[in-house]
Structure formats: C-alpha cells, structure tokens
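Here are my notes for when you open this one up. Keep the viewer beside you and take the points in order.

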Amino acid sequence: MITYALIFAIACYSLALLFNLYRVVKAPGVTDRVLALDTMAINAIAMIVLFGIWEGTALFFEASILYAMTGFVATVSFAKFILRGDIIE
Amino acid sequence: MELFWDILISALLVIGGIFGLVGSFGLVKLPDPMTRLHAPTKAATLGVGAILIASMVWFAVKQGHLTLHELMVTIFIFLTAPITAHFISKANIFRDWPAEKLPKPAGEGDWAVHTADADTSKGELAVDREKNIPHEND
C-alpha cells in the first residue's frame, strides 16, 4: 500500500515540477518566474524526501535541508534584486 | 497496528502529492500575479509538510529510529515561505502597481515600496529604468 501511495506522490510531484518548468519558461512577468523557481525548489525538496523513502535511506535529508536553505536565499536575493537593483547594499 | 501505520503513511503521502500538484497547477491556471502568488506558497507548503511528516513516521515505524531532520526542514519551510511570499509580492507591487493605482495606506506616509530612496514616487518605474541607464548614482 505504501508503495502505491509513494508512486502516486512521486507522479504528482513530477507533474507539479513540469507545471513549474512551464511557468519558468513561459511567464507573463519576472515575479512569476521567481515564484515558479521558489515553488520548484520546494517541490524538489519533496521529491528528494520521497526518493529517500523509496530507497529506504536517511542519507538524503542533508540534501533536502541544503535545498531548503539555498532555495530561500536564492528567492530572497532575486526579489531584492528586482526591488532595489542590488542584493547587498 | 502495522495496518494502521500503513494507512496513516499512505494517506499522508497521497494528501501531500495532491496538495503539491494543486499548488503548482494553480501557479499555471490562476489569472493574475497576486492570485498566482497565493497558490504555491500555501498549497505547496502544506504538501511538503505532509510528505515530510509521512517520511518521519515511515522512518520511525519501519526503520525503528526516530529522525528529527524532517521536522527541521518542515519548520524551516514554514518559517521561510511567508518571507519569500512577502518579498515576491513587494517586488510585484514595485514593478506592476504605480503609486496612484494603490489605495492610500492608513496613518502617515506612503507605501514603503514607493518611498524608498530610489525615486519611484511617480510609479511606472519599470519603464523609466529601461529608458535611463540604471545606477548612475551608486
């Protein structure tokens, strides 16, 4: 039962990542691209955790923590760059 | 008891998958930038939260040791998601909403986005920036 739920969740997140990729490539404004990249980082964390369950190893948590941190910093610096034209003033 | 944990983990995985999919679908479907902002920052966060709790329960039940890494990731995402949403909406106001189109805020002063020392008080900054050479004064 867990295997089927796992496959379902992985399929959902794969589709979600494809939606995000579409939004990154074809967006009406630059903030939509930034938002799509942020969502992509969050969905990638979910994919890493799901792959960790699939493999049955706790090795991937560090990767997901790193992804969470760098995704946050990347989004904030993108938004700061749009707002001020500079990241660290 | 084994069946109970199986059902719990499967339910959490399915809920997480559906919420992640809905959040990213809202990003594609919703009509304008401010409404698009709220689909992924809420739904994707809940989806990832459910997946991380499922992972925590799975490792506790199947591997027999409780890991708290997932809780750390969950707390980190829950703390940072409002901050990124706030920043992106500020960037969106800055680019797409000139000061005249916004309602006057209560109390003293004007919108913080438009009263920063970069002169944006006239609005339409995106257009001005493309015309002028940016950052002559910096």
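This is a predicted model: local features need pLDDT of at least 70, side-chain atom pairs count only at pLDDT 80 or more; totals for chains, interfaces and linings use all residues.

1. Among the elements of chain A, helix α1 (residues 2-25) has the highest mean pLDDT, 92, while helix α3 (residues 61-84) has the lowest, 89.

2. Now look at what UniProt says about chain A. Its unreviewed entry puts the annotation "transmembrane region" on residues 6-22, 34-54 and 60-83 of chain A. How much helix is there in residues 6-22 of chain A? That span is 100% helix and 0% strand, and its end C-alpha atoms lie 24 Å apart. Residues 60-83 of chain A are 96% helix and 0% strand, with 35 Å between the end C-alpha atoms.

3. Chain B is worth a look by itself. Chain B has 138 residues, and 36% of them are buried. Take the contacts in chain B between residues at least 6 apart in sequence: 54% of these join residues at least 24 apart.

4. In the unreviewed entry, "transmembrane region" covers residues 6-31, 43-61 and 67-88 of chain B. Residues 43-61 of chain B are 100% helix and 0% strand, and their end C-alpha atoms are 27 Å apart. For residues 67-88 of chain B the figures are 91% helix, 0% strand and 33 Å from end to end, C-alpha to C-alpha.

5. Finally, see how the chains meet. In this model, 43 residues of chain A are in contact with 49 residues of chain B. On the side of chain A that touches chain B, α1, α2 (30-55) and α3 of chain A each supply at least two residues. Which element gives the largest share of that side? The answer is α2(A), with 15 residues. Sorted by class, the side of chain A that touches chain B has 30 nonpolar, nine polar and four charged residues.

Methods. Residues are numbered from 1 along each chain as its sequence is written. Chains are lettered from A and ligands numbered from 1 in the order in which they are written. UniProt positions are given in the numbering used here, feature names are shortened, and annotations may be inferred rather than shown by experiment. Helices (H or I, at least four residues) and strands (E, at least two) are DSSP runs, numbered from the N terminus. pLDDT is the predictor's confidence in each residue, from 0 to 100. Two residues are in contact if their C-beta atoms, placed from the backbone, lie within 7 Å. Ala, Val, Leu, Ile, Met, Phe, Trp, Tyr, Cys and Pro count as nonpolar, Asp, Glu, Lys and Arg as charged, and the others, Gly among them, as polar. A residue is buried if 20 or more other C-beta atoms lie within 10 Å of its own, exposed if 12 or fewer, and partly exposed in between; C-beta atoms are placed from the backbone.
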